[in-house]
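This briefing covers aromatic rings and the charged groups next to them. Please look at the sequence and the structure first.

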Amino acid sequence: MDHMKVIKQAWNTTWSYKALWIFGILLALGSGGGGGGSGNSGTQFSGGAGEWDFPNTFEMPEIATGVIVAVVAFCGLILLLSIATVMARYVSEVSLIRMVDDHEETGEKHTIKEGFRLGWSKGAWKIFLLDLLVTVVIGAGMVLVLLLAAAPLLFWITKSDALRAIGTVAAIGLIMLAVLLAIAVATVVNTLVHFVRRAVILEEKGIFKALRESFAFVRAHLKDVALMWLLMFGINLAVTLAMIPVVLLLLVLGGVTGALPGLALGGLVSLVSQSETLPWIIGGGIGALIFIAVIAIPSLFAGGVFKTFESSVWTLTYRELHALEQIEAPEVPAVPAAPILPEAVVEG
């Protein structure tokens with residue numbers, strides 16, 4: 001497989017197919033105190049007798065109904081936003097995969113509306129269940145491995161300092177190995193899941209069938225898949241390093257653009273407000289919102305474009321390896337049909 005050709009083709013598709021960016025941004029969006037007073041609380045100390053005088057009853061503090069309603073409404077809003085974010089994340093992933101696949105197959109470019117229609121399917125639900133299954137299984141396995149790695153710490157229940165020291169050193173070494181194992185397993189599983197998702201979405205296979213066949217498929221093309229992973233790791237690292245000065249610039253720009261309007265608004269509010277703190281709370285809140293927007297919007301856009309490119313790379317890799325597999329498959333020679341003998345010869 002020509003890996004550089006696939007990467008260039010994925011970038012050309014990403015750059016020319018602007019409708020994909022919306023779904024990449026949604027995919028990037030989904031992929032990623034208090035105070036009080038003190039008092040004696042009704043408890044008194046009789047200094048002479050040295051005894052505590054506890055109250056017979058404990059009264060719960062009164063909470064206004066409006067506060068309860070506001071807290072419940074806020075929690076409900078957070079829950080709805082979380083569900084909407086998860087839905088958008090999986091619908092967008094299906095849309096990206098299907099839109100790129102259709103573009104490579106027919107040259108057609110879908111609109112954003114058509115992309116949402118492609119993404120709103122059983123495939124989105126399937127890959128959600130796939131991610132849930134992988135997370136639960138891998139998470140449980142990693143917890144078990146870490147518990148086993150920390151088992152030498154049980155030597156601390158003994159009274160031997162030597163055993164305690166040996167147990168501590170052994171546990172540290174085993175935990176470090178467990179962390180390295182977790183990183184390796186996560187890398188392998190994440191790479192495999194790229195192909196499982198596409199088998200589920202593009203070939204409409206069941207989750208377990210897609211897992212079995214994708215494992216065999218990746219093992220058969222291990223060299224090509226590993227090289228593509230290395231190339232994408234390098235590209236991801238390069239993009240991350242290139243974004244460091246950009247983020248620093250955005251931090252400075254956000255600080256300036258957020259501080260000036262915040263101070264100005266705080267000063268204006270202080271002219272009409274009797275409170276000394278309210279104007280600066282309002283000004284600080286507005287300044288913080290501007291600061292976050294200046295940093296988050298460009299970062300989210302850049303992350304969305306990169307997510308689009310990354311998804312396109314793995315979709316094209318999936319297509320390319322399947323195409324090579326069909327070309328390299330040996331042709332089975334046709335077995336000539338047995339001649340039909342006359343009935344007289346057969347009976348003789």
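Y90 is buried (under 20% relative accessible area, with exposed over 50% and partly exposed in between, using a 1.4 Å probe and protein chains only), its own value being 11%. The model is predicted: local features need pLDDT of at least 70, side-chain atom pairs count only at pLDDT 80 or more, and totals for chains, interfaces and linings use all residues. Residues are numbered from 1 along each chain as its sequence is written, and side-chain values use heavy atoms, leaving out hydrogens and water.

**Aromatic pairs**
- The structure contains 13 aromatic pairs, meaning rings of Phe, Tyr and Trp (its six-membered ring) with centres within 6.5 Å; planes under 30 degrees apart are stacked, over 60 edge-to-face and the rest tilted.
- W21 and F301 make an edge-to-face pair, with 5.6 Å from centre to centre and 80° between the planes.
- W21 is buried at 13% relative accessible area, while F301 is partly exposed at 41%.
- Y90 and F128 are also paired edge-to-face, at 5.5 Å centre to centre and 80° between the planes.
- This pair links distant parts of the chain, 38 residues apart: Y90 is in helix α3 (residues 65-106) and F128 in helix α5 (residues 122-149).
- Helices are DSSP runs (H or I, at least four residues), numbered from the N terminus.
- F128 is partly exposed, at 26% relative accessibility.

**Ring cluster**
- W11, W15, W21, F301, F306 and F309 are joined into a cluster by ring pairs.

**Charges over rings**
- R89 sits over the face of Y90, 4.6 Å from the ring centre.
- K18 sits over the face of W15, 5.1 Å from the ring centre.
- A charge counts as over a ring if NZ of Lys or CZ of Arg is within 6 Å of the ring centre and within 35 degrees of the ring normal.

Terms used. Helix = DSSP H or I, 4+ residues; strand = E, 2+ residues; numbered from the N terminus.
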